[in-house]
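Reader: I have a new structure to look at and would like to learn how to read it. Could you walk me through it step by step?

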Amino acid sequence: MSRPSDLIQGTLDLLILKTISTGPKHGWAIAKRIEQVSDDALQVTQGALYPALHRLEQQGWISAKWRKTETGREAKFYQLTKAGAAQFERELAQWERLSNAIGLVIRLA
Amino acid sequence: MTHFAKNRSLALREFWSRLGMKTRRWLGVLWMRARSVFRSSSVERELEKELSFHLDQEIEEGRARGLSLDEARWTALRKLGGISQIQEECRDMRRTDFLENLTRDLRYAARMLAHSPGFTLVMVLTLALSIGATSAIVSVIEGVLLRPLPYRDPARLVRVFTSSTQFPKFPMNPNDFRDFRARLHSFESFAAYTRSDLQLSGTGEAIRLSGFSVTAGFFNVLGLNPAMGREFERNDELPGRGHVAIVSDKVWRTRMGARRDVLGQRILLNAEPYTVVGVMPPGVQHPGNMYHAVMYGDTVDIWTPFTFTNPQNRGEHYLDGIARLRPGVNAAQAQNEMNAAMQQLAKEHPDGDSGWDVLVIPEHTELVGRSQRLLLVLLGAVALVLLLACVNAANLLLARATARQRELSVRAAVGASRPRLIQQLLTESVLLAAMGAVLGAALAMAGVKALVALLPADFPRASDIHVDAPVFLFTLAVAAGTGLFFGMVPALHGSRTDLREPLHEGGRSAMSSRGTLRLRSSLVISEVTLACVLLIGAALMLRSFVNLLKADPGFRPEQTVTANISLPEANYKDGKARTRFYEGLLDKLGSVPGVIAVGASSDLPWTGWDDNAGGMKIPGEEPPPHQFFHARYHAATPGYFRALGIPMLRGREFDDHDTADSQKVFIINEAMARFWQHSDALGRRLTFEDHPKEKDWMTIVGIVGDVKDAPKNAAAEPGFWWPMSQGPLSDFSIAIRSNLEPKVVADHLRAAAGELDPNLAVSDIRTMKEVAAGAYATSRFALLLVALFAALALVLAAIGTYGVIAYSVNQRIHEFGVRMALGARPSDVVRSVLINGMKLALAGTLLGTVLGLALSRLLGNLLYEVSPADPVAIGATCVITIVVAALACYVPALRATRANPMTALRAD
């Protein structure tokens with residue numbers, strides 16, 4: 001429920017971009033997918049997810065379309081835009097640099 | 001195709017594709033924002049649909065895990081958390097919240113304001129008055145002080161004067177001017193000019209034109225060009241060549257039919273033919289002058305060449321100098337160079353030129369310098385009013401914010417963040433300020449017109465004052481600034497909601513009332529302080545004005561009508577002709593029934609006459625060291641002093657026995673009588689000649705009371721009058737004291753003058769009261785405005801005090817109810833409320849007095865015979881402030897006595 005901190009927010013953006021980079025997904029699927037892949041270690045609350053999705057959409061990194069799911073219900077599917085794919089690459093590179101750096105510090109310092 | 005080229009085309013393609021990607025992204029972003037703003041309801045619906053889809057998925061998942069429908073729904077809801085909070089955050093994320101919230105806040109604010117029309121009305125009116133007053137004063141300052149003068153590169157224009165110990169600022173001598181012009185390097189160009197009014201006849205009714213004779217290149221110095229023809233050249237300055245004229249656009253249109261072939265035409269000026277060589281474009285502004293001053297503005301009708309007729313004279317000073325500095329030279333450097341030249345001239349002409357310095361003053365300073373203090377004082381006063389209005393608005397808003405605490409808490413509880421609450425509260429205050437500004441701008445438009453009408457006639461650049469775009473922008477900025485400023489404190493205060501407190505305690509007395517009350521009390525104290533400062537200023541101005549009116553002017557302006565007459569030299573070639581005219585005129589007027597006294601003279605009191613005669617010799621008396629006897633010279637006919645009510649202290653008036661052939665006589669004023677340190681002036685003689693013959697002596701036959709040059713001057717200048725019969729003037733003033741209506745007197749005057757000379761113009765017909773009022777105008781103007789601002793401030797402070805006391809009474813109403821129920825008398829309750837209010841009022845008054853004492857010094861020469869620490873003014877201010885504050889407290893105090901214990905208890 002609490003407002004995500006900047007770090008988490010940035011990380012969540014990265015997770016969302018990664019998750020939909022394989023194909024369009026709706027919000028619930030994105031949350032589920034992150035939970036499954038992380039072995040339930042990362043719980044994405046709706047309070048964090050939807051504001052993040054709306055922000056990414058506003059920034060033009062992702063776009064949304066209403067489509068039918070397999071069960072025939074209308075859902076809002078998010079997918080990467082071309083600019084979003086480039087942004088994803090940048091954020092990924094940045095994340096790797098950051099996590100490497102933190103890893104080095106934790107192991108060596 | 002080479003490898004390089006191929007590479008380049010690849011790079012280009014990538015560049016284009018990246019550019020396209022970026023552009024598409026930005027177009028998408030714009031579309032999203034536009035959609036969020038303009039189709040907000042459909043966006044909101046989608047968000048709801050999206051969230052409910054998520055909820056359903058969660059429920060289905062729970063069912064799949066084997067939960068019952070209810071259990072699954074419950075788990076899902078718990079996991080989801082506050083839907084409205086998510087919605088609010090999503091809205092935040094859409095970033096367009098600014099615009100979108102603004103429209104929502106505006107709509108909301110408008111509704112809230114419409115709900116409490118009394119509050120809104122008070123807020124808007126007080127803000128409109130103060131913003132309007134500020135804009136009006138800023139318009140005046142912009143027009144007078146800030147707007148560049150309408151000449152080419154006006155910053156380089158300077159005025160040139162001479163200066164001696166006796167005459168600190170004096171016109172120039174023509175021959176000195178000519179030498180300066182030939183020798184100086186600091187000036188790109190240098191010209192001189194002197195008043196020379198002319199009578200235009202031959203085309204319709206004769207009129208007197210306001211004219212100047214100017215040296216060659218006068219307009220070039222100003223950077224102005226004639227619309228037609230040429231300006232004067234050096235040749236025109238030669239004696240005998242000067243019968244050419246340049247006319248103003250106004251004269252060209254009204255008297256010459258705006259004819260294009262006017263150049264080279266002859267016109268009759270002072271009954272002599274002049275050739276028109278130039279026509280100036282409309283809007284030529286006279287740069288102002290010192291000797292026989294004509295004020296700055298579109299005030300001059302005609303220009304003629306100045307001719308150097310007397311090459312030996314170094315003693316006459318009557319030219320105003322104006323020059324254009326070379327680029328990079330400043331006024332001080334030019335003054336140094338001129339003083340060096342002056343010293344050289346003093347060596348060459350020790351008689352006339354020793355003892356003189358030169359003053360070089362920037363044109364802008366010379367024009368508006370003397371009104372600067374008045375305007376800055378008014379700006380200060382109006383800024384205090386605006387500040388006070390802001391504090392007052394903050395105070396009222398704070399009261400409202402406190403009353404709305406519950407509403408704000410509810411909004412915070414359902415997910416409004418603090419910045420959102422602040423934004424909403426600020427929207428309300430800016431909306432108030434904006435409404436105030438719109439009304440204020442309208443008030444400013446009207447106010448500026450009224451201000452200009454009220455301005456003293458001699459106020460510089462009055463015609464340049466109007467509300468224009470920069471002033472309007474300033475008003476907008478002030479409104480936005482005040483809105484934020486007075487809204488900020490209540491917004492920060494009001495938004496600091498603890499979610500639980502007000503909702504829990506619910507009652508209106510709950511919310512941190514102590515802190516709010518302290519904040520509001522300090523606001524009230526500052527309001528009273530500001531009002532007190534303004535009141536002290538107004539009281540001092542009022543005292544000055546009363547002193548000014550009480551001071552004996554030295555003449556009786558009531559019942560006297562005055563006018564100016566100018567006899568053209570061509571028709572009145574000698575003294576006899578002039579004497580015949582004015583004696584005839586005075587006889588005719590004197591025989592009109594109801595006329596008490598009538599006379600003519602060189603000038604009228606308080607009209608700026610400053611002509612001096614110096615170098616007189618008085619047997620047995622010596623002037624102070626390094627000085628010489630000098631006095632204002634005037635001429636008068638019999639009856640003049642009676643017509644103006646100037647008392648004849650001793651001796652006699654002029655009479656019919658004083659003729660051109662009789663013994664030369666003088667009447668002097670008291671100030672001049674003091675020249676005779678060792679004996680009584682009456683009956684003594686003086687002369688202007690070094691080797692006087694018997695006819696060169698003047699005998700003092702009378703002493704009249706002093707009349708100062710202007711009402712605020714410290715003392716009268718020494719002055720003497722000769723009988724008009726012994727030195728008839730061609731320009732003179734008429735004064736007629738009578739029991740008749742001024743209009744009737746004016747008709748008689750015109751008729752009498754017309755009978756004697758149908759081609760003569762009688763100008764400036766005014767009552768002496770109007771002349772005197774003109775001399776008081778600046779003081780009256782300053783007093784009126786400062787008093788107006790002080791009254792406004794007092795009302796604002798009263799509203800503020802009332803607001804806070806009423807608020808605290810409301811807070812304590814239940815306490816009062818209980819006390820009354822327990823037997824407290826109404827007077828006890830009233831006293832307790834009054835004491836509360838009076839504490840604030842006294843603190844404010846004390847602070848205001850201290851601040852007022854510190855600031856009243858800035859009034860400087862706006863005060864007249866009043867110390868800036870005048871105890872009467874300060875005492876009166878304190879009494880007024882405290883009485884008004886007491887009244888403002890009394891109304892809520894009465895309400896406290898009507899507190900009903902039952903209602904009070906129930907209300908909580």
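Reader: At what angle do helix H2 (residues 27-37) of chain A and helix H3 (residues 46-59) of chain A pack, and how far apart are their axes?

Author: A word on conventions comes before that. This is a predicted model, in which local features need pLDDT of at least 70 and side-chain atom pairs count only at pLDDT 80 or more, while totals for chains, interfaces and linings use all residues. Residues are numbered from 1 along each chain as its sequence is written, with chains lettered from A and ligands numbered from 1 in the order in which they are written.

Author: Now the general idea: two packed helices are described by the angle between their axes and the distance between the axes. An axis here is a line fitted to C-alpha atoms, for helices over the stretch in contact, and angles run from 0 to 180 degrees between N-to-C directions. Helices (H or I, at least four residues) and strands (E, at least two) are DSSP runs, numbered from the N terminus. In this case, H2(A) and H3(A) pack at an angle of about 120°, with their axes 11 Å apart. That angle makes H2(A) oblique to H3(A); angles under 35 degrees count as roughly parallel, over 145 as roughly antiparallel, 65 to 115 as roughly perpendicular and the rest as oblique.

Reader: Is the crossing of H2(A) and H3(A) left-handed or right-handed, and which residues make the contact?

Author: A crossing is left-handed if the near helix is turned anticlockwise from the far one by less than a right angle, and right-handed if clockwise. H2(A) crosses H3(A) in the right-handed way. Gly27(A), Ile30(A) and Ala31(A) of H2(A) meet Leu49(A), Tyr50(A) and Leu53(A) of H3(A); two residues are in contact if their C-beta atoms, placed from the backbone, lie within 7 Å. Sorted by class, this contact has five nonpolar residues, one polar and no charged. Here Ala, Val, Leu, Ile, Met, Phe, Trp, Tyr, Cys and Pro count as nonpolar, Asp, Glu, Lys and Arg as charged, and the others, Gly among them, as polar.

Reader: Let me try chain B. Which residues of helix H7 (residues 174-183) of chain B meet helix H10 (residues 331-348) of chain B?

Author: They are Asp176(B), Asp179(B), Phe180(B) and Arg183(B), which meet Met338(B), Ala341(B) and Leu345(B) in H10(B). This contact divides into four nonpolar, no polar and three charged residues. The axes of H7(B) and H10(B) come within 11 Å and cross at roughly 125°, which makes H7(B) oblique to H10(B). Their crossing is right-handed.

Reader: And how do helix H6 (residues 117-146) and helix H12 (residues 363-403) of chain B cross?

Author: Their axes come within 9 Å and cross at roughly 160°, so H6(B) is roughly antiparallel to H12(B). The crossing is left-handed, and the contact has 21 nonpolar, six polar and one charged residues.

Reader: Let us turn to strands. In what order do the strands of the open sheet in chain A lie?

Author: Two strands pair if DSSP finds at least two bridges between them. In chain A, three strands form an open sheet in the order S1-S3-S2, with antiparallel pairing. Strand S1 (25-26) and strand S2 (62-68) of chain A stand at the edges with a single partner strand each, so one side of each has no neighbour in the sheet. S2(A) is joined to strand S3 (residues 74-80) of chain A by seven bridges, and Trp66(A) stands opposite Lys76(A) in S3(A).

Reader: How many bridges pair strand S2 (residues 187-195) with strand S11 (residues 320-325) in chain B?

Author: Six, in the antiparallel sense, with Phe190(B) opposite Ala323(B) in S11(B). S2(B) also runs antiparallel to strand S5 (residues 211-214) of chain B, joined by three bridges; there, Arg195(B) has Phe212(B) as its bridge partner.

Reader: Where do the two chains touch, and which helix of chain B gives the most residues?

Author: In all, 23 residues of chain B are in contact with 22 residues of chain A. H1 (3-38), H2 (40-64) and H4 (83-93) of chain B each supply at least two residues of that side of chain B, and H1(B) gives the most, with seven. The side of chain B that touches chain A has 10 nonpolar, five polar and eight charged residues.

Reader: What is the mean pLDDT of each chain?

Author: pLDDT is the predictor's confidence in each residue, from 0 to 100. Chain A averages 81, with 90% of residues at least 70; chain B has a mean of 85, with 93% at 70 or more. Over residues 502-512 of chain B the pLDDT is below 50, and over residues 1-7 of chain A it stays under 50. Where pLDDT is low, the predicted coordinates should not be read in detail.
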